[in-house]
Amino acid sequence: MAESVKVAVRVRPFNGREIDRGSKCCIKMQGKQTTITNLEDKSVEPKVFTFDYSYQSHDGFEMDDEGISIPAAGSNYASQRMVFNDLGQGVLNNAFEGFNTSLFAYGQTGAGKSYSMVGYGPNKGIVPITCDELFKTTESNTDPNVKHCVSFSMLEIYNECVRDLLIKNNPKGGLPVRQNPSIGAFYVQGLTKQVVGSYKAIEAKMDEGTSNRTVAATAMNATSSRAHTLVTIQFDQIKKNEVGEETKRTSIINLVDLAGSERAGSTGATGDRLKEGANINKSLSALGNVISALADASSGKKKIMVPYRDSVLTKLLQNALGGNSKTIMIAALSPADINYDETLGTLRYADRAKQIKNKAVVNENPMDKLIRELKEENDKLKKALGGEIPAAAPGAAVMTPEEAAAMRKQMEEEIRAQLEANASAMAEMSGEDRTAIAQQQFNEDQLKVLEKEKEKDNTPHITNLNEDNALSGVIHHLIQPGENIVGRKDGENIPGICLSGLSIQKSHAIFARDGDTGTVILRPGVVGAKTKVNGQTLNGDKTLMHQDRILFGSNHMYVYYDPVNKETAEGTPDSIDWEFAQKEIAQAKGFQTGADGELSKEQQLAQEQVLELLPMVSESNAISEELNKHKSFEVILISGAANPTEGSKGTKVMVKMKNLLNGNTWLWERGKFMNRRYLMQDMYQRNLDGDETLKDMPEDQDPFWDPPCEVLIGTSSAFLQALGYGIDMDDPILITDYKGEDQGQMFVNISPCDEEGKCMGEEYFVEDSNELLGKPYHYKVTMKSCEIRDSRFNVGSFIKYKIDGDEEYTVTPTVNQSLAPEFNHSRVVKIDKVTQETLEFFENSCITFLLYGCQEDRESDVKLIKLTTKELRQREETTGNMKTNALTRQLTKNTVDESAALKTEILVLKRRNDILAKKEKRIQGIVTAWGKKPPEEQQFEPYHRAISAAAFNTGTMLRSAATVITQVIKAQKLVGAMTGVDGEAPIVSKAAGSKACVMM
């Protein structure tokens, strides 16, 4: 009978990052229902999903005496034990009944997959509890006719390559995946299957697998969140009946920790020509396609082709997904509103999976029959090994000798692989008590482990750090008295601490431990070896202190521990994690990483991305050096005003790639760089594997290559405060790049004008900008010319800018073959009615002009071609071209150019002062001229009009003067009327001493 896949979802508590960013919970659970709400956009309706289980593990818990999280009184908190009782117990029951069982953990990186599957500390997850209960049950067996055997294997799938995690050295290109022709199932050829006799043995094997995974991931520069981990436990129950015949019941338990789901969609490699070339997301995408196809088939659709063969992951999980297996999926959810999109994607994925139906059967067969069938199959395979290639069908194309030889080679490989698999299966049924032998070996191994742990407790040592917490603290290197060389194993002297991977030299560094004092000094092994201590480059001897952070090469991060002298350097926290180590490296590079409480949400996001990208950029530079690609990379911050990306207002974190031979540059968005980085990793690994095709790789398939393109030279900001006073702005503006360095100057004029674009002239002035309210207003933007410093941009240049309310950029024509391009571009901006918002825009805003330069694939400098990429990068650093200005890299820096704003304000005040001085001089001239006239020509009415014309076109002080003059005239008229004399006569007699003249 078909049975649906069981699906559970589980939401975890906020993590530290989410708390620092002030996140709110967007997930609500009630019974089997899970509701997700978009707290940023209230217009979006909450979405409701129903699953077999909805586990609320976000809050409402407390710790018992053993440190285990349990529900608080009255809460609906789902504990680890509750999840096991619902899901893990079913896995256990299925195993004893002989059913295959699969348990998937799905969700974005950091959503809590590992906590549910494995757990932390005393809060054990489904896997350890299931294994523990399995052995408790087998150990309680008292039936002499029943034997149990448990075997364990652990593998990782990264970039479509399978790695056996129970061995240290895997073959180049990974282990091959084959298909058993008799049953159609896929399997991994040569995968280690280790018999285990207790839960402790499984735990030790998982630790061993994690350690091997960490070493390999560091050497290969692999990202753990990109890898799928598959643990397989085979549980055999062999029963003997009354006549002595043995029957074998087998259950395969697959425990799958899938790669971080957010990586499939949020890296944002939109527009990258090499997006389809990466295998990074292939398996996760293929899994989604398989789930969708199986859901369609389960709903009754006909002729559904399930694409199991599209990826290694889906091949190996064919039975688990659509065959003989009882399957459970647990989807891990982040509660934070900042992860809304990723969490919604996880819920939709899980909702689709619950529609799949599987038909599981009990795997039970007589032992004699199984052995006989395997022997018969082996005989057929051996005959086929010496046989001929089947003849082609009538009408089919005839194979060439080369094609026939290739087919024969492939057939032989498949047959030998099947013979090997059958031999392994028969060995398992040999009757030998492999469990007792395995347990004896485990006990011996444990004694060695305990001895090493005891030595580590008394000896200075280094322990690894990894971005994945599960991979941190699993590699330890003891520092013995004397010199301890750190380096590659292919060096002249085999180092005591062997490392491999990018930028690791044969003799990379030396730990010198004084046998008497215990002091440990670290020094470079060779000149140029890349080592950092606490974020600072190691150039000579450095005495280490407890909990110092050490980075060897590009990505071997360790923490130094001194069990005897635990004095730490100033500023060292009690606990060291990956994020802290990356922050201090960022600070050393000039990025200010303020405490999260001091940063806005936008700045926190930028900081997270900087810390994420810095090690990746370091790695890309190392790959470029190893493959001699003549490219360098650096993380840069682009202000919102200088960022032309649609809808982007805040600071944007980007990666700059530079051609070290001709100086051409490219700015890559985070998503594009991350996509290219995975392709670079793949290229590096293929190079290590001796892939000859790399030599003939087409240019357009090389992740280090992009065609020449226009690039942002720098920006200039013209502040608009002057427009509020009717003043034009006609000063040159500095052009600065993202580092704040001078790239030239721009000549722009912004002036008030009429509707036709005619400037208002110098006499036009507005004392109080509120006078403009409710009136139409026009101003003209004239882009005159530029002076560009960098001769590379002699090819061509153009300018883009937006004014408040514009949807599209205004772009000037491109001017070619000039470092002093004259654009002669103008545009009239019309405002139908000035509002308070308009005045605020004038007062506080600016127009940012983006200057772009055209690039061409120029010939390289002959002197530079002879240098390696490493030498070119050292030359760049020596000349200071790659040195960062710490002040311009502060994440807390205001993106508005304050100096330009102040300059504009000074200009406005100066212009206002000039205009007022002119008005004052003009009025003084009117008064003086009036005073010099003969009495008979001193007429008050023309004098009043002249004064008023000047005064009412100036400031408030002049208006006051005009008001006083008006009152004087009225008084004189009143006196004239009372004396019966012409009103002007009395004023004439007092002209020299009138109040108006004195004031003026």
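Let's start with Ile 799, whose contacts beyond its neighbours within four places in sequence are Met 746, Met 783, Cys 786, Thr 810, Val 811, Thr 812, Phe 823, Phe 849, Leu 850 and Leu 851. Keep in mind as you look around that this is a predicted model. Ile 799 itself belongs to strand S40, which covers residues 796–801. Its relative accessible area is 0%, and because buried means under 20%, Ile 799 counts as buried.

While you are here, look along the chain to Tyr 809. Ile 799 and Tyr 809 are separated by 10 residues in sequence, and their C-alpha atoms lie 9.6 Å apart in space. Thr 810, Val 811 and Thr 812 are among the residues that Ile 799 does contact.

In the loop between helix H14 (601–627) and strand S33 (631–638) you will find His 630. The phi angle of His 630 is near 60°, a positive value in a residue other than glycine. With a relative accessible area of 17%, His 630 falls under the 20% cut-off and is therefore buried.

Our last stop is Ser 503, in the loop that links strand S25 (497–498) with strand S26 (509–513). Here, too, phi is positive in a residue that is not glycine: for Ser 503 the angle is near 65°. Is Ser 503 buried or exposed? Its relative accessibility is 7%, so Ser 503 counts as buried, even though its place is in a loop.

Note on methods
Residues numbered from 1 in each chain as written. Predicted model: local features only at pLDDT ≥ 70, side-chain atom pairs only at ≥ 80, totals over all residues. Heavy atoms only, no water. Helix = DSSP H or I, 4+ residues; strand = E, 2+ residues; numbered from the N terminus. Buried < 20%, exposed > 50% of the residue type's maximum accessible area, 1.4 Å probe, protein only. Contact = heavy atoms within 4.5 Å.
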